[in-house]
Amino acid sequence: RMSAGRQSKDVLLRALAEMSGPTIPLGVIPVGTFNNFARSLHIPTTVADACQVLVNGEPHPVDLGRVTARHPPATFIFKEIVGVGVDAMAFAGVDCS
């Protein structure tokens, strides 16, 4: 279980995807600004209520996607959405921290 912002959670999801596939449970406690990932899974946005879901809730599978870029060569694991082309260029310089 981990409490982290979007970037930390994305790093963890990529590591889990590379290690062992879809069988490791991930408990989500939303502590960010909008918490889109938690909201899309209907996880409460208060820490106390989210903890209750961790204790009493049932696991649900989450699909991850994989995109491989050619220039420069890189592979990306993503959840929810991915942007390519103009969309990706527009956000390339944005600091999301």
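This is a short chat about the predicted model shown above.

Visitor: What does the secondary structure of the chain come to?
Guide: Four helices and two strands. This is a predicted model, by the way.

Visitor: Which pattern do they follow along the sequence?
Guide: The chain reads α-α-α-β-β-α.

Visitor: Okay, the strands. Where are β1 and β2, and how do they run?
Guide: Strand β1 covers residues 65–69. Strand β2 covers residues 74–78. They run antiparallel, and five bridges join them.

Visitor: What do β1 and β2 form?
Guide: A hairpin, with four residues between the strands.

Visitor: Which residue in β2 is the bridge partner of Ala 69?
Guide: Ala 74.

Visitor: Which residue lies over the face of Phe 34?
Guide: Arg 39, at 4.7 Å from the ring centre.

Visitor: And what lies over the face of Phe 37?
Guide: That one is Lys 79. Lys 79 is 5.2 Å from the ring centre.

Visitor: Now the whole chain. How many of its residues count as buried?
Guide: The chain has 97 residues, and 18% of them count as buried.

Visitor: Last one, on contacts between residues at least 6 apart in sequence. What share joins residues at least 24 apart?
Guide: For those contacts in the chain, the share is 40%.

Notes: Residues numbered from 1 in each chain as written. Predicted model: local features only at pLDDT ≥ 70, side-chain atom pairs only at ≥ 80, totals over all residues. Heavy atoms only, no water. Buried < 20%, exposed > 50% of the residue type's maximum accessible area, 1.4 Å probe, protein only. Contact = heavy atoms within 4.5 Å. Lys NZ or Arg CZ within 6 Å of the ring centre and 35° of its normal. Pairing = 2+ DSSP bridges.
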